[in-house]
Structure formats: structure tokens, C-alpha cells
Amino acid sequence: MLKKFLPNEHVKSIFEIHPELLKGKGIKGIITDLDNTLVAWDVKEATSEVVEWFKLMKEHDISVTIISNNNRERVSVFSEPLDTPFVFSARKPLSKAFKTTAKKMNLKEEEIAVIGDQILTDVLGGNMAGFYTILVVPIVQSDGKITRFNRKIERRILAYMRKKGKISWEE
């Protein structure tokens, strides 16, 4: 069961995720989290760097969909200017939103990477749905109440995995 909490990859930010590397792994689509993955949870719009990252993915024919547990207003305000499909109130880590999104993207499980900053929602949900998962370091260390609780559990899981030699990176 603990294997479901392990991402396939760990990077510092989305900017370390390059389309050529994804394509080399057979990845044609990205399902990405929003808050603390693309921008800080309290930032409403995409930064110029994030806009460029989305353009780069599009230029390489990698489709991107944003999937968030946040509300419609938050996710649409961010996603619509990027002309990017989105799912709000996704109820991650439940796999329904992930699988529905994959179907809409018209891609197979092995052609999708899930990117996010939380093990308990993004990585677990992506792994349970059968996707390649990439964990990013959260952009900021402050979080909402539920996420703060999740982070405490995540720290314990990571400490256990580190102790067992399953991971080598630091938080």
C-alpha cells in the first residue's frame, strides 16, 4: 500500500519538467494540480513563467488539464486565461476525476503524467488511477487547514520511506 504514496519522480518545480523528457517516456498529456504546484495557493493568476511553461507544453503537443479540489471560481479564474481545461472540486485522491479527465483528453493511462505538490492527494490519486506521477516541492510553506493536516501525515510517510531507503530526496 505504501507504494501508492511514492511518486515516479520528484522535482523542485514544474520548470524542471521538460516536454522532451516527457515525450521520451511516452507522455502526451499532463494532469496538474493548481495550488502550490503552479502558483502559491493565494495567487489568483498565472505568473509569466507559468504562462510560458504552458505555451512550451502546447508547442510540443502535450495537452494540459488542471485538476483541483478547490472551488469553481478559484480554478476558472486561473485556468480560463490560459485557455486550459480544468476540473474543480475534484475530490482527490479519489480516482474518478483523474479517469474522467484522461477520457476527455483521449489518452491512455501510460500517456499521462500527474503533477502535484501533495502525496495524499496528487500522488496517491494519480498512482491509484494508474498514471505516471511527479511530485513537486510546494511553492510556499503556508497552507490552508486541511492541507496543513495532510502535510503532517505526509511528513510521517516520507520519514518512514526515507528510513526504509525508498526515497533519497529531502523535503
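Me: Leaving aside its neighbours within four places in sequence, which residues is Asp33 in contact with?

Reply: This is a predicted model, and the contacts are computed from it. Asp33 lies in the loop between β2 and α2. Contact here means heavy atoms within 4.5 Å. With neighbours within four places set aside, the partners of Asp33 are Leu38, Ile67, Lys92, Ile115, Gly116, Asp117 and Asp122.

Me: Is Asp33 buried or exposed?

Reply: The cut-off for buried is under 20% relative accessible area. Asp33 has 6% relative accessibility, so Asp33 counts as buried.

Me: Which side chain joins that of Asp33 in a polar contact of 2.9 Å?

Reply: The side chain of Asp33 makes a polar contact with the side chain of Thr37, at 2.8 Å. The contact of 2.9 Å joins Asp33 to the side chain of Lys92.

Me: In what order do the six strands form the open sheet?

Reply: The pairing is parallel. β1 (9-11) and β4 are the edge strands, since each pairs on one side only. The order is β1-β6-β5-β2-β3-β4.

Me: Why is strand β3 described as largely enclosed by the rest of the structure?

Reply: Strand β3 covers residues 63-67. Buried requires under 20% relative accessible area. β3 is largely enclosed because the residues that are buried number four of the five.

Me: Which residue of β4 is the bridge partner of Ile66?

Reply: Take the β2 side first. Strand β2 (residues 29-32) pairs with β3 in the parallel sense over four bridges, and Thr32 stands opposite Ile66 in β3. On the other pairing, β3 and strand β4 (residues 86-87) run parallel and are joined by two bridges. The partner of Ile66 in β4 is Phe86.

Me: What is the handedness of the β-α-β crossover from β2 to β3?

Reply: The chain leaves β2, passes through helix α2 (residues 48-59) and reaches β3. β3, helix α3 (residues 72-79) and β4 also make a β-α-β unit, which is right-handed. The crossover from β2 to β3 is right-handed.

Me: At about what angle does α2 run to β3?

Reply: Helix α2 lies across β2, β3 and β5. Its angle to β3 is about 135°.

Me: What angle does the direction of helix α5 make with that of β6?

Reply: Strand β5 (residues 112-116) and strand β6 (residues 132-136) pair in the parallel sense over four bridges. Val114 stands opposite Thr133 in β6. Helix α5 (residues 119-128) packs on the sheet and touches β5 and β6. The angle with β6 is about 165°.

Me: How many residues apart in sequence are Val75 and Glu45?

Reply: Val75 is found in helix α3, and at 0% relative accessibility Val75 counts as buried. Its contacts beyond four places in sequence include Leu34, Ile66 and Phe86. Val75 and Glu45 lie 9.6 Å apart in space, C-alpha to C-alpha. In sequence they are apart by 30 residues.

Me: Is the aromatic pair of Trp53 and Phe54 stacked or edge-to-face?

Reply: The count comes to one aromatic pair. Trp53 is buried at 4% relative accessibility, and Phe54 is buried at 8%. The ring centres are 5.6 Å apart and the planes lie at 80°. Planes over 60 degrees apart count as edge-to-face, so this pair is edge-to-face.

Terms used
Residues numbered from 1 in each chain as written. Predicted model: local features only at pLDDT ≥ 70, side-chain atom pairs only at ≥ 80, totals over all residues. Heavy atoms only, no water. Phe/Tyr/Trp six-rings, centres within 6.5 Å; stacked < 30°, edge-to-face > 60°. Buried < 20%, exposed > 50% of the residue type's maximum accessible area, 1.4 Å probe, protein only. Pairing = 2+ DSSP bridges. Right-handed = clockwise from strand over helix to strand, strands pointing away. Polar contact = N/O pair within 3.5 Å; in protein donor to acceptor, adjacent residues only side chain to side chain. Axes fitted to C-alpha atoms, helices over the stretch in contact; angles between N-to-C directions.
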